[in-house]
Amino acid sequence: MSDAAPAATAPPPPSSPPKTRGSLFRKYVLLFSSIVGAALLANGAVEVWFLYRDHTELLLRVQREQAEAAATKIGQFVKEIEGQLGWTTQLPWSAGALDQRRFDALRLLRQVPAVTELTQIDAAGKERLKVSRLAMDVINSQNDLSQEPRFTQAVARRTFHGPVYFRRESEPYMTLAVAGTRRDAGVSAAEVNLKFIWDVVSQIKVGNGGRAYVVDAQGRLIAHPDISLVLRNTDFASLAQVQAARAGGQSPERALSTEDFQGHKVLAAYAPIAPLGWWVFAELPLDEAYAPLIDSIKRTGLVLLLGIVGAILAALFLARRMVVPIRALQAGAARIGAGELGARVEVKTGDELEALADQFNTMSTELRDSREREERVGRLRRFLSPQLAEVIESTGADTMLESHRREVSVVFCDMRGFTAFAESAEPEQVMAVLHEYHAALGELIHKFEGTLERFVGDGVLILFNDPIPCPNPSERAVRMAVEMQVAIAFLAAKWRALGYELGFGIGITHGYATMGRIGFEGRFDYSAIGSVVNLAARLCGEAQDGQILIDNAVHAAVAPLVECDEPSDITLKGIRRPVRAFNVRHLKALAAE
Amino acid sequence: MLDTASAGSNAANIEAFRKGLRELGYVEGQNLILDYRAVTDGRVELFRDLASELVGLKVELIVTRSTAAILAVQDASATVPIVMAAQAEPLGSGVIANLAHPGGNITGLSSFALDLVPKLVELLREIVPRMTRVAVLTNMGNPVSVTRWDLAQTAARSLGIEAQLCDVRSSRDIGPSFEAATGQGARGIITGNDPVLRSNLRTIIDLAAIHKLPTIHSDREFVEMGGLISYGPNYPLLYFRAASFVDKIFKGARPADLPIEQPTAVEMVINLRTAKALGLTIPQSVLLRADEVIE
């Protein structure tokens with residue numbers, strides 16, 4: 001706050017505190033809410049990540065299981081046909097057996113609707129029997145089939161799974177051949193309509209929008225709930241999941257997130273159909289797969305949002321709790337700065353801030369008390385010596401002013417001829433003389449740290465060694481008296497020039513007196529009572545202008561320092577025995593330096 | 001629907017079709033209106049008028065059965081999608097380009113009944129081993145019948161028997177056909193299921209009984225009426241599947257992209273009562289193939 005700058009251009013002082021307050025407030029709110037927000041975010045992210053992982057894992061496991069179940073079913077379907085074919089290869093080829101074989105073949109067609117055509121080949125590779133649902137039966141054609149894979153492969157490996165082919169370019173078929181266990185049993189080859197696999201595949205429910213399908217070892221679609229796709233002879237070999245299956249098909253996961261043939265994002269799991277080298281795929285649209293996850297993420301997000309809002313509110317609240325007391329303290333300090341000592345700050349937070357505020361209040365009270373004391377001391381100083389004022393202020397007037405008895409040196413002094421002067425002179429002149437007189441004396445009283453006990457017109461009573469103890473009270477008294485005589489002599493010369501005949505006498509005694517408060521409620525004085533005081537007044541009365549009369553006790557104390565006239569025994573009023581008094585002429589040179 | 005038989009005589013197929021639609025969530029009167037039109041007495045020339053009528057009703061799709069019906073619809077509108085319920089020979093008759101990609105605005109199912117014609121010859125021969133001549137009752141006015149006749153002739157020849165063509169263009173031709181068949185020593189009859197024949201089913205069965213001629217058909221309805229044996233696709237199943245094509249097209253699929261489906265099963269029905277009346281013993285090899293036996 002610059003006083004040099006004109007008030008109009010200077011930034012208004014009140015704007016400064018709110019600015020700093022705002023920064024602390026912002027800092028707290030930002031820090032707190034970002035810490036809490038970050039914690040919540042991290043927690044939410046971790047939670048979502050685990051949720052995502054578990055959810056994906058679960059979905060894929062379910063899908064894989066579905067694919068595996070379908071693969072098992074299809075595998076069983078093929079195995080069953082193989083088993084049925086195996087029965088037809090039990091008999092040896094002998095004459096007359098053809099009719100029986102035809103019945104067996106017809107029975108097989110009846111039991112296995114998927115088999116459209118059954119061909120029986122003898123051990124030499126000659127076609128002996130062909131029974132068909134669609135074409136005319138062929139009996140004992142003796143066509144040479146010995147070079148056909150269905151014969152050679154079946155003989156070599158007992159069973160043969162031909163590639164999938166499409167009758168009329170649309171019906172999926174496969175040749176399945178089984179060789180008999182006997183060497184002369186030959187081979188039974190069946191044309192199997194794979195549309196029956198469709199039933200298996202279409203029964204698999206993968207979620208709501210998911211599907212299962214089967215591709216052969218070359219990646220061609222064999223079965224799909226949408227029959228049209230199969231009938232159109234669709235090639236799936238380029239799909240990532242099919243490539244994955246064909247490439248590293250034995251990897252334990254057998255699942256991936258990819259795209260289906262229409263380019264939709266799907267979660268795909270697959271399982272091999274062991275005997276055929278085919279694959280069953282179960283696909284679930286990603287949208288559907290992650291719908292619950294997304295819901296849950298939304299929920300987490302909402303909780304997160306609420307958490308952050310809560311954190312901000314809490315931060316606002318805490319920052320307020322923090323800043324409001326600080327601001328109160330600031331305002332309190334400002335008030336003290338502005339001079340309003342004893343300003344109090346009300347903070348009820350029950351924490352360190354309240355302790356700080358209490359401390360502040362204590363400090364402020366102390367400040368006020370100290371200021372008041374200083375003021376009091378200032379006031380006292382006008383009447384008392386600064387030392388006395390300090391003592392009274394620091395020890396408390398009450399103890400100081402309690403009645404007590406102490407050995408003191410008492411100085412009494414007054415002017416000679418003052419009564420006559422006061423009667424003849426104008427009051428203004430009297431007051432002017434008194435003023436000069438008191439000023440001269442007061443300066444010396446302060447200098448020698450005497451205690452001004454009272455003024456009585458031109459009479460002045462000064463104590464030493466009370467209420468503040470001092471070393472050599474009598475010596476101080478005498479030294480002061482000598483200087484007083486010099487000072488008043490100087491003034492008297494001046495007054496004489498004005499026509500005022502005024503002199504100055506001093507009496508000094510030393511002895512015990514009782515000091516204490518006298519007076520009544522509303523007006524108390526500090527007063528010394530005792531014969532030593534009376535004696536000082538009497539000695540003063542006896543003293544001629546320029547004389548300093550001291551009693552025995554004082555003389556005893558200051559004898560080495562002063563030169564005195566011969567003592568004279570003086571009879572004083574009210575004192576039965578004459579008192580020996582010494583007039584101090586001057587201080588010895590030794591002491592005068 | 002534009003069919004070859006009256007709603008009454010085609011009830012099994014229509015009901016199967018309705019069932020298919022119901023399973024796909026269609027409810028008649030709520031989200032589906034089904035109009036049925038059929039020619040009677042094999043008057044296929046009437047398909048033209050009926051097709052125009054249906055197109056005039058602004059139908060969204062027409063389910064048909066016969067080649068003549070398809071041609072009539074294609075003449076009446078180039079845009080209304082056609083679903084074939086059981087087309088005998090869609091490739092040979094030229095209504096589609098390719099089974100996998102039919103092209104145009106037509107798709108559906110093929111019965112491939114003609115494929116089985118040699119099998120019919122074989123089965124009839126097996127039941128009547130001494131047969132040397134077989135009569136083929138078919139409407140040569142229907143384009144698919146030419147193929148039917150060719151296949152039958154070839155199959156008969158391979159079995160060492162004669163085939164005799166009895167061209168039935170209308171109900172008036174049926175009586176004379178039987179006269180001709182018995183007159184020339186035919187011991188069995190193979191019938192087509194052309195609209196003309198289907199609408200004269202009763203007459204054909206009665207005449208076969210009178211002439212003591214065993215008959216074989218593609219369609220089990222003949223056997224249920226008293227024919228001896230049928231071997232062919234399960235037609236209600238085809239009609240049931242046709243509903244899925246309707247559904248796909250309603251949901252926006254282009255018919256040209258929907259491959260033609262073929263029947264997955266062939267069923268044989270034998271009427272043992274008829275066999276008994278004819279004094280025939282059905283051999284074990286035939287009985288083994290039978291899916292249903294009417295006693």
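Strand 5 (residues 106-110) of chain B is mostly covered, with 5 of its 5 residues buried (under 20% relative accessible area, where exposed is over 50% and partly exposed lies in between, with a 1.4 Å probe and protein chains only). The model is predicted: local features need pLDDT of at least 70, side-chain atom pairs count only at pLDDT 80 or more, and totals for chains, interfaces and linings use all residues. Residues are numbered from 1 along each chain as its sequence is written, chains are lettered from A and ligands numbered from 1 in the order in which they are written, and side-chain values use heavy atoms, without hydrogens or water.

Strand 4 (residues 82-87) of chain B pairs with strand 5 of chain B in the parallel sense over 4 bridges. Pairing requires at least two bridges found by DSSP. Helices (H or I, at least four residues) and strands (E, at least two) are DSSP runs, numbered from the N terminus. Ile82(B) stands opposite Ile106(B) of strand 5.

Helix 1 (residues 11-23) of chain B has 13 residues. From first C-alpha to last it reaches 18 Å, close to the 18 Å expected at 1.5 Å a residue; the expected span is 1.5 Å times one less than the number of residues. The buried residues of helix 1 are Asn13(B), Ile14(B), Ala16(B), Phe17(B), Gly20(B) and Leu21(B). Seen down the helix axis, these fall within an arc of 160 degrees, so they line one face. The arc is taken from the directions from the axis to the C-beta atoms. The face turned away from the buried side carries the exposed residues Ala12(B) and Glu23(B). The buried residues pack against strand 3 (62-64), helix 9 (220-224) and helix 10 (235-250) of chain B; contact means heavy atoms within 4.5 Å. Just after helix 1, Gly25(B) takes a positive phi of about 95 degrees.

An open sheet of chain B has 7 strands in the order 7-6-8-9-10-11-12, with mixed pairing. Strand 7 (162-167) and strand 12 (292-294) stand at the edges, each with a single partner strand, so one side of each lacks a neighbour in the sheet. Strand 6 (residues 133-138) runs parallel to strand 7, joined by 6 bridges. Thr138(B) has Asp167(B) of strand 7 as its bridge partner.

Between chains, 33 residues of chain B are in contact with 25 residues of chain A. The two chains bury about 2,300 Å² between them, 53% of it on carbon and sulfur atoms. Buried area is the accessible area (1.4 Å probe) that two parts lose on being put together, summed over both. Gln262(B), Leu288(B) and Arg289(B) supply 24% of the area that chain B buries against chain A, more than any other three residues.
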